[in-house]
Structures are given as structure tokens and as C-alpha cells.
Amino acid sequence: MSTHNRVTAVTRNGVTDPAGTPGTVVTPLQGYNDQRPLAPSRGLTTRASSLHLRDAIYELSLRLANRFRVIRTIDVAAACFPERPFKASLTAAQRAVRGMVKRGLLRRYRTDRFQTVYGLTQPGVDWLGEHGHDAASSVRRVSDMTNPEHRLWAQFLVVCSWARGLRAVTEAELLHDLNANANIKAGTGSGSKAIQGYLTVNVHRRGATVRKALRPDAVAFDVEGRGITWFEVDRSKRGSDRQADLAALVGAIGNKTADGRVLQRVVVMCKTQRIERDALRIVEQLAAVCNAQVLTEGRRHIRRQSEGVYEVMAAIPVKRQDGRTALIDEQVGHVIVQMLPIWLPKVRIDASNTFSLEGWFCDNYLPYRRPGNLSLWPMPGSPLVTVDDE
């Protein structure tokens with residue numbers, strides 16, 4: 001800062017300003033740091049134009065609405081902006097949804113539980129058609145929905161799995177794929193029965209054992225290997241039959257499913273703390289019964305690893321060089337019980353917010369809490385800009 005003809009000049013550095021009056025010496029201002037960026041980061045707009053990003057957001061969001069038939073703003077946030085902090089992600093998702101509603105691509109509805117959901121309109125179908133995607137309107141179906149909370153949370157876990165780089169499907173999509181593959185293998189017109197379950201287990205209840213086919217609310221497939229993660233969305237307290245189903249499911253970890261994959265993880269997402277306590281009690285009771293027995297082939301031991309996380313051990317037969325078979329204790333999977341992040345859709349961007357921001361992708365929480373003996377989730381990247389786009 002210097003004075004020339006009683007005029008003060010200010011710059012950020014402490015050298016003579018070459019553009020100023022000759023002989024003017026400028027001193028640094030207090031608090032200035034030459035290493036600070038001169039302008040805020042422009043984010044993805046440095047890699048793609050704003051119009052390209054808007055179209056990419058609209059395309060991804062409308063395809064999401066076409067696939068699931070009904071979506072929430074938080075689904076758009078998880079699908080389009082998983083790399084951002086939650087407030088920034090939610091703000092961008094709200095802005096995008098408002099734009100699509102204003103243009104008539106989505107239609108807003110309120111459920112009986114006062115949830116705001118969106119359905120795909122015919123103009124939205126036409127917009128997707130112009131961009132090379134087949135779609136069908138879902139507004140009539142969404143208008144008839146009263147409480148789609150269960151399906152909304154199941155598909156949210158699917159979207160979160162996508163953000164982590166996993167392939168994931170809902171229950172309906174899984175059964176459709178299983179039966180489609182079965183018909184292809186059996187041949188057209190073979191008359192084969194439809195597959196009704198993904199895993200067959202022995203359920204013990206009322207002093208008897210019955211064979212039962214179980215289906216997940218959602219399932220995620222591991223990137224490497226043939227392991228799967230089984231999601232259960234518990235919105236209400238389990239009755240005795242469903243408690244027996246959960247115990248049988250946990251006891252089947254390490255077994256093969258209908259498509260030949262291996263069940264590696266069972267994730268129970270609970271809406272309330274009471275439901276969470278009930279699920280933990282079921283796992284603890286099963287562990288007490290199983291751990292009291294000698295671990296042999298076909299049995300499981302369940303050990304608590306951390307809060308809500310249990311490791312499942314099994315005796316794996318291994319053939320030795322001399323031809324004999326030995327049983328080796330190995331970890332075959334995990335049971336994870338945690339809360340559904342029901343507080344995230346309630347977050348308000350302004351100062352009136354009283355809900356937690358924890359549980360987003362920057363935390364080790366979605367789509368499930370990774371156990372301590374596995375690597376933590378890596379931060380997801382943006383799905384809006386690819387290397388080719390750059």
C-alpha cells in the first residue's frame with residue numbers, strides 16, 4: 001500500500017507494482033497470503049460446459065425415474081453428486097429437480113406419510129427419447145402410491161452401491177433377471193417353473209424345520225469374485241416368523257445362491273433403534289447357540305467384531321497332499337446391523353436445520369459400514385464427467 005498524490009494503491013504482494021506509478025513501493029496487506037487461490041474453484045465446469053453438465057444431470061435423473069418409477073431428491077443427490085459433501089450434494093439435487101419439475105419432465109407428489117416423491121411424465125419420456133433412451137411414463141402409478149417407503153429405501157441402497165462402483169439391483173429386478181436367465185438355459189417353451197427365491201435355507205420354528213426360499217430387498221455384487229451383499233430393510237419390528245428367517249439367513253452365510261454366487265454379507269438396515277436392538281438380539285442369540293457347538297463342516301461361529309458388525313467363521317474342508325481332508329477355520333462373511341439414514345432426507349440447507357449430516361459417502365456408512373478388517377470405502381468420483389468428455 002502506498003500513497004501518490006494522496007491516492008492510496010493496494011496490491012496483494014510486497015513488490016513494486018509495474019503497472020503503477022514509477023517509484024511507487026507497495027507493502028503487503030495484513031492477512032494476505034500469496035499462496036491463496038485468486039478465485040474460487042469452478043468444480044466440474046472446468047472439465048465440461050454447464051449445458052453439458054445440465055443435460056448429464058437430467059439424463060441420469062430421468063433414467064433413474066424410469067427405472068425405479070418413483071424417486072426422491074436424495075436419490076438424485078446420490079446418483080449425480082456422490083463426490084460432494086452432503087449439503088452441496090443436496091443443494092445441487094434440489095436445484096436440478098426444481099428445474100425438471102418446472103420443465104414438466106418430472107411431477108411432484110406427496111405420500112400419505114408426507115414424503116415428497118417424483119414420477120416421470122410424458123414430456124420426460126420424450127426428452128429421454130430425444131437422447132436415445134426408451135422410457136415409459138410413471139405418473140399414473142406414482143399417483144396411486146400411498147406409502148412406498150420400503151421400496152424407496154431399498155432402491156436408495158442400490159443407488160449408493162452404484163456410487164461405490166458395485167452392480168446392484170432391487171428384489172424385483174433380481175427375480176426378473178433370474179427367471180430370464182433360467183428361461184434362456186431351459187429353452188423357449190420348456191415350461192420350467194418360475195424362480196421365487198434367491199436362497200433356500202432351513203428355517204427352525206415352532207419345534208420344526210422347514211425349507212424356505214428367501215428373497216433380498218436389494219442385492220449388491222462384488223466387483224471381484226462371485227460374492228454378494230444381501231440387504232434387508234426393516235421398517236417394522238419382526239414377528240416370530242421373520243425373526244426365524246433372519247436367523248436362518250445369517251446361518252447361511254457362505255452358502256451359494258440361486259445363480260451360483262456366494263452369500264458373503266447380510267446387511268440389516270433398521271428404521272428405529274428399537275428395531276436395531278431386536279435385530280442385534282437375534283444375531284446375539286444365534287451366536288450363543290452356534291458358538292457353544294464344535295465348529296465342524298456345515299456349522300457357523302459368529303463373533304462380534306465391533307458395534308453392529310459380526311464376523312462369521314466356518315470350517316472349510318481342505319485336501320492335503322497325502323489325500324487326507326482337514327478342516328480349516330476361515331472367515332466366510334459378515335453380518336452388519338445399522339440404522340437407516342432416515343435423518344438425511346430431513347436435512348434443511350438453511351440455518352433452521354437440526355438434523356445430522358453424518359452418514360454420507362464421506363463417512364464409512366453407505367451403502368453399509370465396512371468391517372474393520374476390510375479396506376474403507378474410497379471416495380466416489382463424479383458420474384457426470386468421464387475421461388472422454390474431458
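Mentor: Helices (H or I, at least four residues) and strands (E, at least two) are DSSP runs, numbered from the N terminus. The peptide bond that leads from leucine 366 into proline 367 is cis, with omega near 0°. This is a predicted model, in which local features need pLDDT of at least 70 and side-chain atom pairs count only at pLDDT 80 or more, while totals for chains, interfaces and linings use all residues. Residues are numbered from 1 along each chain as its sequence is written, and side-chain values use heavy atoms, with hydrogens and water left out.

Glutamate 358 is also in the segment after strand 13. Its relative accessible area is 57%, so glutamate 358 is exposed (buried means under 20%, exposed over 50%, partly exposed in between, with a 1.4 Å probe and protein chains only). Glutamate 358 and proline 341 are 17 residues apart along the chain, and their C-alpha atoms are separated by 8.5 Å. Leaving aside residues up to four places away in sequence, glutamate 358 touches Trp343, Leu344 and Asp363, where contact means heavy atoms within 4.5 Å.

Helix 6 covers residues 149–163, and its 15 residues should span 21 Å at 1.5 Å a residue; the end C-alpha atoms are 21 Å apart, which agrees. The expected span is 1.5 Å times one less than the number of residues. Helix 6 is mostly covered, with twelve of its 15 residues buried. Among them are Glu149, Leu152, Trp153, Phe156 and Val159. After helix 6 comes glycine 165, which has a positive phi near 90°.

Helix 2 (73–80) packs against helix 6 at an angle of about 15°, with the axes 8 Å apart. Axes are lines fitted to C-alpha atoms, for helices over the stretch in contact, and angles run from 0 to 180 degrees between N-to-C directions. Helix 2 and helix 6 are therefore roughly parallel (under 35 degrees counts as roughly parallel, over 145 as roughly antiparallel, 65 to 115 as roughly perpendicular and the rest as oblique). The crossing of helix 2 and helix 6 is left-handed; a crossing is left-handed if the near helix is turned anticlockwise from the far one by less than a right angle, and right-handed if clockwise. On the helix 2 side, Ile74, Asp75, Ala78 and Ala79 meet Gln155, Phe156, Val159 and Ala163 of helix 6. By class, this contact of helix 2 with helix 6 has six nonpolar, one polar and one charged residues. Here Ala, Val, Leu, Ile, Met, Phe, Trp, Tyr, Cys and Pro count as nonpolar, Asp, Glu, Lys and Arg as charged, and the others, Gly among them, as polar. An α-helix has 3.6 residues a turn, so residues three or four places apart point the same way.

Helix 2 has another neighbour. Its axis and that of helix 3 (residues 86–102) come within 8 Å and cross at roughly 115°. That makes helix 2 roughly perpendicular to helix 3, and the crossing is right-handed. Thr73, Val76 and Ala77 of helix 2 make this contact with Ser89, Leu90, Ala93, Gln94 and Val97 of helix 3. The contact of helix 2 with helix 3 divides into five nonpolar, three polar and no charged residues.

Between helix 1 (50–68) and helix 2 is a loop that holds arginine 69. Arginine 69 is not a glycine, yet its phi is positive, about 75°. At 15% relative accessibility, arginine 69 counts as buried.

Glutamine 115 is found between strand 3 (106–110) and strand 4 (116–120), and at 15% relative accessibility it counts as buried. Not counting residues up to four places away in sequence, glutamine 115 touches Arg72, Tyr109, Arg110, Asn147, Glu149 and Leu152. Glu149 and Leu152 are among the buried residues of helix 6. Phenylalanine 114 lies in the loop between strand 3 and strand 4. Phenylalanine 114 has a positive phi of about 65° although it is not a glycine. With a relative accessible area of 64%, phenylalanine 114 is exposed.
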